[in-house]
Amino acid sequence: MKIAIFHNLLSGGAKRTLYEFCLRLAPQHELWVYSLSCSNQDFADVRPLVARNVIYDFTPSRMLPSPFGRINPLLRLRDLNRLKRLYRRMAREMMAENFDLYFINPSQFENSPYLLNDLEGQPTVYFCQEPLRIVYEASPARPYDKPESARRKFLNKIDPLPGYFRKTLQTNDREAVRSARLVLVNSQHVQANVKAIYQVDAQVNYLGVDSQFFRPLDLPRQRAVVSVGSLTPLKGFDFLIRSLALIPADIRPPLWIVSNFTNPPERVFLSGLAQSLGVELKLFGGISDQRLVELYNQALMTVYAPVREPFGLVAIESMACGTPVIGVNDGGLTETILDGQVGRLVARDEAVFAQAVEQLLRDDNLRDQYGIQARSQVLQQWTWDAALERLKTNFQRVRVFPIS
């Protein structure tokens, strides 16, 4: 097939997913990638894999600092309108190439790109890694969130711009998702959310992990635990710190956090919290994938507590390295972490989580057993080759649908 692929992604799991799919689709299909100049081209770089890479110039407006921040929603609205015009042009140029299928991936600005509307009626597949969470979910509260003054509350009440921007973003998102011929999701958790939010029946297309790259390295284990994710409130690192603080000090392990994105206030908050609770914290940022594999191999276990995580590549990456995972019974983690087989899946309760960590700290044999079973589980179920077969089956679903 001749396949058009769109993305406007930064670094992270969605871009890594796209790379792995392109790597395996390219030998048999002609892939053209369409993206924006503000995308991260270098992380999980798909350019060497595809027949043609088309980049459209788009620079988002620069947000204004206080006291001019009231204008920012207007600038964001302007950006959405600029994107609409750009997508209209992109769709025309895409359709002129007579692609057999359009594989649409998320956009960093809208999540569900409005390009889907302009391609309505075409064989489009949209991979919804997650709904637009900033619109449909509340973020955990933080001490650094500034309380609103009476003046600010009054201005928020009479200023229509923030609400209008949010409503426009939500409307565009709903229209885009509903315009896709087929919506794919990475877990049953996201499938249920897509049904509830968009009234769309999505197909689950589980992801995978490169088990040749993420593998046991036979490195000496250090008495530490590791967690991975962007340094933001939704990744639940504060929960991990509070949980580890409940473990006796003489066996309490340091916490290593690996992040590809850092929110500076969150970094300060987590560092202060760890210091106040006596938890040794080490932050790793901008490291190579090879170094990430080494850290998985050097830690005794991976601890993972994101809030409503859609899927969580971290769990299966760790499992592929033969490192057991202790996760919260939440979101997509319930579909990857088999409790009592590859690690533990426990309630989001700090004391219960601490007990699970402490059990594995004290039981070397159980920890090794979980690690061996974790690697075996990945090889059986969580390979990218298996994910690709699911993707190809879903592509065929679209090809047999009538095209208006």
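Is Tyr56 buried or exposed? Let's start there. This is a predicted model, so please keep that in mind throughout. In it, Tyr56 has a relative accessibility of 4%, so Tyr56 counts as buried.

Now look at the partner of Tyr56. That is Tyr34. The two ring centres are 6.3 Å apart. The planes meet at 25 degrees, so this pair is stacked. Where do the two residues sit? Tyr34 is in strand β2, and Tyr56 is in strand β3. They are 22 residues apart, and the pair links distant parts of the chain. Tyr34 is buried too, because its relative accessible area is 2% and the cut-off for buried is under 20%.

How many aromatic pairs does the model hold? The count comes to 19. One of them joins Phe21 and Trp384. This pair is edge-to-face. The centres lie 5.5 Å from each other, with 80 degrees between the planes. Phe21 belongs to helix α1, residues 13-25. Trp384 belongs to helix α14, residues 384-399. Phe21 and Trp384 are both buried.

Now for charges over rings. Which ring does the charged end of Lys84 sit over? That of Tyr114, at 4.4 Å from the ring centre. Lys2 does something along these lines with Phe99. Lys2 lies over the face of that ring, 5.0 Å from its centre.

Last topic: the backbone. Most residues other than glycine have a negative phi.

Take Ala44. Its phi is near 45 degrees, a positive value, and Ala44 is not a glycine. Find Ala44 in the loop between β2 (30-36) and β3 (52-56). Those are the strands that hold Tyr34 and Tyr56. Ala44 has a relative accessible area of 19%. The cut-off is under 20%, so Ala44 is buried.

Then Asn111. Asn111 also is not a glycine, and its phi is positive, at about 75 degrees. Asn111 lies in a loop as well, the one between β4 (101-107) and α3 (115-118). Is Asn111 buried or exposed? Buried, with a relative accessible area of 12%.

That's the tour. Start with Tyr34 and Tyr56 on the screen, a stacked pair. Then move to Phe21 and Trp384, an edge-to-face pair.

How values were computed:
Residues numbered from 1 in each chain as written. Predicted model: local features only at pLDDT ≥ 70, side-chain atom pairs only at ≥ 80, totals over all residues. Heavy atoms only, no water. Helix = DSSP H or I, 4+ residues; strand = E, 2+ residues; numbered from the N terminus. Buried < 20%, exposed > 50% of the residue type's maximum accessible area, 1.4 Å probe, protein only. Phe/Tyr/Trp six-rings, centres within 6.5 Å; stacked < 30°, edge-to-face > 60°. Lys NZ or Arg CZ within 6 Å of the ring centre and 35° of its normal.
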